[in-house]
Amino acid sequence: MYITDISSLPYREPQRKMSEVNVGKRKEKCENCTKQCNKKQSDEGAASQPERQEVNGQVSEGPQVLLSACLSCDGCLSEEESLKISQQSLEEVERVLDNNKRCDVSKHKVLVASVCPQSLPFFAVKLGMDVSAAALRLCGFLKSLGVQFVFDTSLAAGFSIIESQKEFVQRYRRRHHDPHALPMFTSSCPGWIRYSERVLGSLVTPHICTARSPQQIMGCLVKDFFCTQQKLNPDQVYHVVVAPCFDKKLEAVREEFCNSLLDTRDVDCVLTSGEIYHLMEQKKVSLQDLDSVPLDQVCHGDCRLGEAGDTALARHEGRGSEGFLEHVFKHAAKELFGLEVHEITYKTLRNRDFQEVTLERDGETLLQFAAVYGFRNIQTLVHRMRKGRVPYQLVEVLSCPGGCLSGRGQAESEVGGRVDKALVQQMEDTYSSLPVRLPEVNPALQTLYQDWLQGQDSPQASMLLHTQYRNQGQGHGQPPHMQW
């Protein structure tokens, strides 16, 4: 099956269903509060002075807004950011496909799609099949639209995990003379990163792991390694990522992930799982119509990563996310203390989304990590950090309650904008059925470290697998409109 006419698709409708309507509702709910936010105050000058009011015995400036409500609103986006994010759409993909039909072959864009592992369980549940079968059908659908290569991002996630493991060990060993070494916060969640840079500032940013997220490492793999293999310039490739989270669109347009000389980005467009599924619905695609097409391999030929064993879908440890906590915990236990950890026991604290794990020997606590998901729990974590009461050496932080499988780009119900808990449970069960594969024993990663990056500790590896996070807001002072 090959879809020849994509121009007739009403692209605006699925996107509006998944994002515009819900964001509009959230903005309407907190409009009075966000009028007092720092950006709008600076834009409007002194024309509107917030009222002083007393909250818990303390004088507070202006109405209070919960952190979760604040970050659900895009009122603090600059015009440039808003423009870039508006281009993260099905319309933009349509434009590229239309240009390919009309322009000279020499000006064609090679379309590449990279699918996050957390998106695959969504399609498995929706299509009523296992993850492997759903991946084949999704690949067939994307290629029917005109996408030429479809990858999954597990390989990139393996790079991110290995680099995070190495960085944690380095930070731990310098903890006594570097006040910013610990705790280390994970860096794969763009919602958490944006909040850290815009609101928390120097309180948190020095503690964020510098390893790039799986999405952005995949961007480097496609626009650097893959383009070299295919004898293409990066601007000749249009790279689409299918992700469970709307915030990934914002991550893709960060300045450090753009090549201004070639006017291209590592990730040109992020589409959510829900947007792709609505596209399937708009085309009235049935399971019988979808061909089962194997996912492509980033490497081929001399790289020799396409043998049978390397193509099987697998997941990393952890419930519904990339498992940074579990991988780093086991690696650190072995590297720092010579202890093999096979099973990790989570201790639930405030709720299922605030848990900790501990490594002990002879009654002594050697390591203490935490998994903190959802902005309510993040508020608690930051409040403790301000008071110097964070006992953890590493915290895996994700803005979505339940982790990446619960991303609003796939777990939000059509009615009311709430998370579909039954769908999330089905996705968790489906995701856990995949076999676990440790990145350290993945031969593809070891080959790429040598062939692509010239070694694990090379300047090339540092440049392409790491980034820096910076203060973009008012430093570590608490914004007057934020309620803790």
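Two strands pair if DSSP finds at least two bridges between them; strands (E, at least two residues) and helices (H or I, at least four) are DSSP runs, numbered from the N terminus. This is a predicted model, in which local features need pLDDT of at least 70, side-chain atom pairs count only at pLDDT 80 or more, and totals for chains, interfaces and linings use all residues. Residues are numbered from 1 along each chain as its sequence is written, and side-chain values use heavy atoms, with hydrogens and water left out.

Q: Which are the edge strands of the open sheet of five strands?
A: The order of this sheet is β6-β14-β13-β12-β11, with mixed pairing. Each edge strand pairs on one side only, and these strands are β6 (184-185) and β11 (347-351).

Q: Which residue in β13 stands opposite Phe354?
A: Strands β12 (residues 354-361) and β13 (residues 364-373) pair in the antiparallel sense over eight bridges. Opposite Phe354 stands Val372.

Q: Which residue in β10 stands opposite Val242?
A: Strand β7 (residues 237-243) pairs with β10 in the parallel sense over four bridges. The residue opposite Val242 is Leu271.

Q: Is Val441 buried or exposed?
A: Val441 lies in the loop between α16 (421-432) and α17 (443-451). Buried means under 20% relative accessible area, exposed over 50%, and partly exposed in between (1.4 Å probe, protein chains only). Because its relative accessibility is 56%, Val441 counts as exposed.
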